[in-house]
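Please give me a short tour of this structure. I have it open in a viewer and would like to know what to select at each stop, and what is there.

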Amino acid sequence: MAARSASAGSHPPAPGEDVSCALALVNTRFMGAGRLVDLIADAPGATGWLTGRGLVPLGAAVSGQDAARLGALRETIRALFAARADTAAPATGDLAALNAALAGAPLVPALTWGDAGPRRDEQLIGPAADPVDVALARLAGDALGVLTGTGEAQPAPCGAHGCIRWFLRTHAARQWCSARCGDRVRAARHYARHHQ
Ligand SMILES: [Zn+2]
């Protein structure tokens, strides 16, 4: 059985996962201990991830088909991040898939006010929708914000060989998704220098 605990491969969250659920979704597929790990490959994995991020309420029914839809949205977002990073036009199918997820549960901006002050939020318009449709729309909306954001944070692939994670780059010097990847690359360079 595929490992699905968050500790599989013991990667800490990549920079930006705290603010972007779309980025965190992209990073649910990663290389851990030399093999591909998929945290949302089945219904229990998808349920755990969605509830852990607060995207569906505890106890929501998430089917294997929902897990497949979540996995498909992940690959769409990854492809759109890659198009943005490469300044290339994305596949029309990826654009259509993201827009379909946005339209699956129309959300409108909403202002909420908590202890930390005013905060931009979203609320569902119309009748109660399938909680997974709402989660997919929220994830697609977050991806839309990352892709069109004009701030300095840009989605970037980790530069370490064999790592498939992404992170939000907030300064040009950052090339790795984690200190561990950076250390791994520096160690490989050191080895190459001394064993030629
Ligand atoms: Zn990495």
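Start by selecting C158 and C177: C158 is buried, and C177 is buried as well. The model in the viewer is a predicted one. The SG atoms of C158, C163, C177 and C181 are the protein donors of the zinc ion, at 2.3 to 2.4 Å from it. The angles that the 4 donor atoms subtend around the zinc ion run from 107 to 115 degrees, which makes the arrangement tetrahedral. For four tetrahedral donors the ideal angle at a metal is 109.5 degrees.

Next, trace the donors along the chain. Their spacing in sequence is C-x4-C-x13-C-x3-C.

Select residues 92-103, which form α4. This helix has 12 residues and spans 16 Å from its first C-alpha to its last, close to the 16 Å expected at 1.5 Å a residue. Which residues of α4 are buried? Colour D94, L98 and A101, which are buried in α4. Turn the view to look down the axis of α4: the buried residues fall within an arc of 60 degrees, so they line one face of the helix. On the other side of α4 are T92 and A103, both exposed. To see what covers the buried residues of α4, show α3 (64-85) and α5 (131-148), which are included in that cover.

Is S20 buried or exposed? S20 has a relative accessible area of 1%, so it counts as buried. Show side chains here: that of S20 makes a polar contact with the side chain of D142, at 2.6 Å. Leaving aside residues up to four places away in sequence, S20 touches R53, D142, V146 and L168. Then pick the C-alpha atoms of S20 and G145; they are separated by 9.0 Å, while the two residues are 125 apart along the chain.

The last stop concerns backbone angles. Most residues other than glycine have a negative phi. Select A33, in the loop between β1 (29-32) and β2 (35-38). Its phi is near 55 degrees, a positive value in a residue other than glycine. A33 has a relative accessibility of 77% and so counts as exposed.

Finish with T87, in the loop between α3 and α4. What is the phi of T87? The phi of T87 is near 45 degrees, again a positive value in a residue other than glycine. T87 is exposed, with a relative accessible area of 74%.

Note on methods:
Residues are numbered from 1 along each chain as its sequence is written. This is a predicted model: local features need pLDDT of at least 70, side-chain atom pairs count only at pLDDT 80 or more; totals for chains, interfaces and linings use all residues. Side-chain values use heavy atoms; hydrogens and water are left out. Donors are N, O and S atoms within 2.8 Å of the metal (3.2 Å for Na, K and Ca); water is not among the atoms, so sites may look incomplete. Four donors count as tetrahedral if all angles lie between 85 and 135 degrees; four count as square planar and six as octahedral if opposite donors are over 155 degrees apart and all others between 65 and 115; anything else is irregular. Buried means under 20% relative accessible area, exposed over 50%, partly exposed in between (1.4 Å probe, protein chains only). Helices (H or I, at least four residues) and strands (E, at least two) are DSSP runs, numbered from the N terminus. The expected span of a helix is 1.5 Å times one less than its number of residues. The arc is that of the directions from the helix axis to the C-beta atoms. Contact means heavy atoms within 4.5 Å. A polar contact is a pair of N or O atoms within 3.5 Å; within protein, one must be able to donate a hydrogen and the other to accept it, and residues adjacent in sequence count only if both atoms are side-chain atoms.
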